[in-house]
Structures are given as C-alpha cells and as structure tokens.
Amino acid sequence: MGSLDPSSNVFEAPEKTQTLINPSELLNLFKCQQKYLNFFFQNLDLSQTLSFTQTLLNAKGTIFFTGVGKSGFVAQKISQTLISLGIRSGFLSPVDALHGDIGILSNSDLLVLFSKSGNTEELLKLVPCAKAKGVFLISITSSEDNLLASLCDLNVHLPLERELCPFDLAPVTSTAIQMVFGDTVAIALMAARNLSKDEYASNHPAGKIGKSLIFKVKDVMKKQEELPVCREGDLIMDQLVELTSKGCGCLLVVDDQYHLIGTFTDGDLRRTLKASGEGIFKLTVGEMCNRNPRTIGPDAMAVEAMQKMESPPSPVQFLPVVNHQNIVIGIVTLHGLVSAGL
C-alpha cells in the first residue's frame with residue numbers, strides 16, 4: 001500500500017463562504033415591523049381596551065395569565081410586571097392546570113388567556129374547567145371570529161396585519177403587540193392606583209431601581225472610626241497616614257466640636273508639594289484646605305449624593321456628611337455608592 005504525502009490537502013475541509021447580512025434588507029425589515037406595529041396602534045379598539053383595563057383594576061381576587069408557546073412567555077412577563085407594581089397576579093400553565101394546578105383559582109379571580117389564533121387546543125380545554133370554578137375569563141386574540149373569544153366573558157382583539165416572518169408564520173409581530181398591549185395596560189393600572197415611587201421601590205429592594213429610591217446617605221456613609229479627620233493646626237506631613245489609610249482620598253478638617261472647617265484631598269497634597277517643595281513640611285492642613293467643600297445631609301437620598309458629586313464645575317470623589325449644625329457625622333464616597341449598587 002502506498003503512503004500518503006503529508007503535504008497533501010486531500011483531507012482539508014472546503015472553505016465555507018461567509019454569509020453577510022444585507023444592510024438594506026435589514027433596514028427594510030425594521031421598517032416593515034414598524035408598519036405592522038403602526039397598524040396595531042391605528043386599529044386597536046379603545047372601548048375593548050378600556051373595558052379590559054377597568055376589569056383588571058376592579059379585580060377582587062388574583063389576576064392570572066395563561067398562554068401556550070410564545071404567547072405563554074408574554075403572559076408570564078405581563079404577570080410579573082403586575083406583581084412588581086404590587087398587584088396580585090400569577091401565571092397558570094394551561095397544561096399543569098388540567099393536572100391539579102387549577103385548584104389555585106377561585107370565583108373572585110380573573111383569568112386572561114393569550115392566543116394569537118384563539119383556537120389553541122390547550123386553552124380551549126382549560127376554559128370549561130375554569131368556568132366551573134366561577135372565574136371571569138378574558139381572551140386576548142388576533143384572529144377574527146375565533147372560538148376562544150366566543151367562550152370567554154370578555155375579548156380584546158389585537159389587530160394584526162401580518163407577521164414579519166416571510167412565511168407569515170413565526171410569531172414575531174403578534175407577540176410584540178401582545179407585549180406592548182400588556183405593558184401599556186400595566187402602566188395604566190399603575191397610574192390609576194396612584195402608585196408612589198416609594199411603594200414601587202419597596203417592591204425592588206435588591207435592584208438598582210429600588211436602591212436609588214430607598215437608600216439614603218446615612219445607609220451608605222462611613223462614620224465614626226472610619227472617618228479621616230484632623231484639626232486645622234495639624235501639619236500636613238503628620239497627617240499622611242490618616243489621609244491614605246481610610247480609603248477616602250481626603251481629610252475632613254474639624255474643630256474640637258467636630259464642626260466641619262474644610263477638606264484636604266490627595267490632589268491638594270500633590271499640588272501643595274509641587275508649589276511649595278520642602279516648604280510643605282511647615283504647612284498646616286488649615287492653611288491649604290478647601291474651606292467651602294460640597295456637603296450633604298444624612299437624610300438625603302443616596303442617588304442625590306451621586307448627582308451632587310458629578311455636578312459642575314468639576315466632579316468630586318466624596319462628600320462630607322453634616323447635620324443641621326454643620327457637625328461631621330460621616331462621609332460618603334463615590335466608591336461606596338458604586339459598591340452599594342447605585
């Protein structure tokens with residue numbers, strides 16, 4: 001048997017031709033989707049939408065959502081949005097409902113069924129079982145004269161010109177209008193319930209939204225032994241350890257009663273050293289400190305501190321925290337705010 005030439009490329013895979021997206025075709029797709037979404041907005045029945053929104057607002061029990069496939073994902077998302085607004089809601093899998101989960105429904109609840117066609121088999125099977133529990137049923141569909149709409153107590157028709165899919169099959173436009181519809185109704189409910197920022201934040205305590213609305217300066221500031229303090233008569237060179245060891249990048253210059261006199265930063269140290277040379281050994285902190293620093297109160301919102309640090313004429317990395325008597329009670333740093341997730 002003859003040997004193969006090691007340099008032979010007989011086993012090399014043929015080069016694949018790279019497929020590129022056509023920019024004009026991509027732009028045209030976005031324009032088409034915009035056109036289809038505009039069709040929805042221009043033809044949505046406001047009276048149906050108002051009845052739906054009012055029914056949800058007046059709900060005595062829990063507002064459940066259900067759907068199959070992509071419509072099911074939309075239903076879950078809208079349910080989660082309502083929950084974040086403090087509205088009792090939940091997602092009910094139509095399959096699991098028929099195997100015991102329907103037990104969660106009561107006659108004071110609403111069940112909103114999302115279906116593009118209105119003929120989804122799993123939802124049609126669920127309807128009579130939910131009716132037997134006394135639940136008020138609402139269908140959200142996009143096809144005319146569908147079976148689900150005829151079986152429910154209320155129907156909202158979401159006008160759909162066609163799917164963006166070239167085969168008019170993949171649910172990409174229908175799910176987009178379902179999402180837009182549901183989220184817009186959610187915000188209408190939010191306004192009708194007069195939900196305050198504080199109430200909204202209380203439902204998002206771990207996220208940036210909640211932290212920006214809940215956290216106050218006193219919650220994130222350094223205090224007591226963590227404060228880099230000195231007196232105005234202290235020599236600059238004697239305070240280098242205090243300046244560098246507390247991780248604030250500054251000194252808070254105070255009097256004997258802890259009234260704030262000014263601040264001295266590591267930037268001030270560099271500038272003083274450059275200007276004074278060896279003379280820095282004789283200079284006191286009070287001679288070179290900034291006697292008009294930006295400050296903030298302990299009850300101000302932490303996000304306000306962030307804004308104050310970034311405001312003109314130039315950003316700063318910290319704010320002394322003082323009470324109404326100008327007594328230093330803490331310091332808030334940019335690093336501390338970022339670490340807190342703000």
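The sulfur of Cys32 lies 12 Å from the closest cysteine sulfur, that of Cys165, which is too far for a bond, a disulfide being a pair of cysteine sulfur atoms within 2.5 Å. A search of the whole structure finds zero disulfides. Cys152 is likewise in no disulfide, with the sulfur of Cys129 as its nearest cysteine sulfur, 13 Å away. As to accessibility, Cys32 counts as partly exposed because its relative accessibility is 22%, whereas Cys152, at 11%, counts as buried; here buried means under 20% relative accessible area, exposed over 50%, and partly exposed in between, with a 1.4 Å probe and protein chains only.

This is a predicted model, in which local features need pLDDT of at least 70 and side-chain atom pairs count only at pLDDT 80 or more, while totals for chains, interfaces and linings use all residues. Residues are numbered from 1 along each chain as its sequence is written, and side-chain values use heavy atoms, with hydrogens and water left out.

Helix H2 (46-57), helix H3 (70-84) and helix H7 (173-192) each supply at least two residues of its lining, and H7 gives the most, with five residues; helices are DSSP runs of H or I with at least four residues, and strands are runs of E with at least two, numbered from the N terminus. Among the lining residues are Phe52, Phe65, Ile78, Phe114, Gly182 and Leu189. The lining divides into ten nonpolar residues, one polar and no charged, with Ala, Val, Leu, Ile, Met, Phe, Trp, Tyr, Cys and Pro counted as nonpolar, Asp, Glu, Lys and Arg as charged, and the others, Gly among them, as polar.

Elsewhere, three strands form an open sheet in the order S6-S7-S8, with mixed pairing, two strands being paired if DSSP finds at least two bridges between them. Strand S6 (229-231) and strand S8 (260-265) are the edge strands, each pairing on one side only. S6 and strand S7 (residues 250-254) run parallel and are joined by three bridges, and Val229 has Leu252 in S7 as its bridge partner.

Definitions and conventions. 1 Å grid on protein atoms, 1.4 Å probe; cavity = no way out; pocket = protein on both sides within 12 Å on 5 of 7 lines; lining within 4 Å.
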